[in-house]
Amino acid sequence: MTTVTEDGELTVLRDALGLLKDREQVAVRLLESSAKHSFDPDREIDWDAPVEDGKWFWPPELVSLYDTPMWKRMSEEQRFDLARHEAASLASLGIWFEIILMQLLVRHIYDKSVTSAHVRYALTEIADECRHSMMFARMIQKGNAPTYPVTRLNHNLARVLKTVSTTPGSFACTLLGEEILDWMQRLTFPDERVQTLVRGVTRIHVVEEARHVRYAREELRRQMVTAPRWERELTRISSGEAARVFSIAFVNPQVYTDVGLDRREALAQVKASGHRREVMQSGAKRLTDFLDDIGVLRGVGRRLWRSSGLLA
């Protein structure tokens, strides 16, 4: 496939997965999909419906302590309560991440043609993420749970990331935040044990995130082919460090205290849990396979991914 570069030259772009699709053609298809399958959460979800008794806010198998000795000692009420707080923790993490993503997307398109389909789709995605963040905030409130911000250290590290991140690093981190949560939400929205409201939120997010993942994957492939060697190596290291931070921040430890559990014991049991390790690695596998194929999981970066527990 030939593409036209910004200076007017023709070039063929190929990686280990094959020929890259034309950037504008990809964006046009994503814009068409957005026109057909976009949602207004304020209208699509019945926010006034009461919370349903006996239903989970998150599938029990995806709760961090599931199948641990502590989980087996917990009452059913406490398990439901932990799932509710972990759902709020994940929604809080999602809002934090999406605010970062919106800023990274704005930086990405800053120097590009404002009339291109590629920029139009990026702006469409930013609008999607605005709605998602508001939707997650309403879900937290509906569950009568607190918000769970990341640590001040991670908050400030992200401030640096969104200011200085290179383009391939930005899209690698975007996929890290999107694909693991997407895998979990694909298990959540069809699960009739889960609150109808949560199923509605996750269904909307899954449908719209599929486009976001496609956009980020196509652009990361392009960047890993065209970026200079130093930038590719920096992407490998930065994405590995992001994976390490993400795995630690995935569930805020305050949730254990808030449901009356010993935080230190809970963290130790989650760390030792084979089930939890399998859940996280299964959630990341589609992403890590892709990153491996396009050359991101190499050297120091690969070791960092292994230390995160997301790469088997």
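Residues are numbered from 1 along each chain as its sequence is written, and side-chain values use heavy atoms, with hydrogens and water left out. Because the model is predicted, local features need pLDDT of at least 70 and side-chain atom pairs count only at pLDDT 80 or more, while totals for chains, interfaces and linings use all residues.

A place to begin is the pair of helices H1 (residues 23-36) and H5 (residues 117-142), where helices are DSSP runs of H or I with at least four residues and strands are runs of E with at least two, numbered from the N terminus. Two packed helices are described by the angle between their axes and the distance between the axes. The axes of H1 and H5 come within 8 Å and cross at roughly 40°; axes here are lines fitted to C-alpha atoms, for helices over the stretch in contact, and angles run from 0 to 180 degrees between N-to-C directions. H1 passes H5 in a left-handed crossing, that is, one in which the near helix is turned anticlockwise from the far one by less than a right angle. On the side of H1 the contact (heavy atoms within 4.5 Å) is made by Arg23, Glu24, Ala27, Val28, Leu30, Leu31 and Ser34, and on the side of H5 by Ala117, His118, Arg120, Tyr121 and Thr124.

Arg131 is partly exposed at 21% relative accessibility, whereas Asp128 is buried, with a relative accessible area of 1%; buried means under 20% relative accessible area, exposed over 50%, and partly exposed in between (1.4 Å probe, protein chains only). Salt bridges that share partners join Asp128, Arg131, Glu208 and Arg211 into one network.

Another salt bridge joins the side chains of Asp42 and Arg138 at 2.9 Å, N to O. Since Asp42 lies in helix H2 (residues 41-44) and Arg138 in helix H5, the pair ties together parts that are 96 residues apart in sequence. Asp40 forms a salt bridge with Arg43, with the closest N and O atoms 3.4 Å apart; Asp40 is partly exposed at 31% relative accessible area, and Arg43 is exposed at 72%.

Glu231, found in helix H9 (residues 229-249), is buried yet has no salt bridge, and the nearest side chain of opposite charge, Arg232, is 8.0 Å away. Leaving aside residues up to four places away in sequence, Glu231 touches Thr166, Thr167 and Pro168.

Two loop residues complete the picture. Leu20, in the loop between strand S4 (18-19) and H1, is buried with a relative accessible area of 1%, and its C-alpha atom is separated by 7.6 Å from that of Arg221, 201 residues apart along the chain. Val114, in the loop between helix H4 (76-109) and H5, is exposed at 68%.

Key. Lys, Arg positive; Asp, Glu negative; His and termini not counted. Salt bridge = Lys/Arg side-chain N within 4 Å of Asp/Glu carboxyl O.
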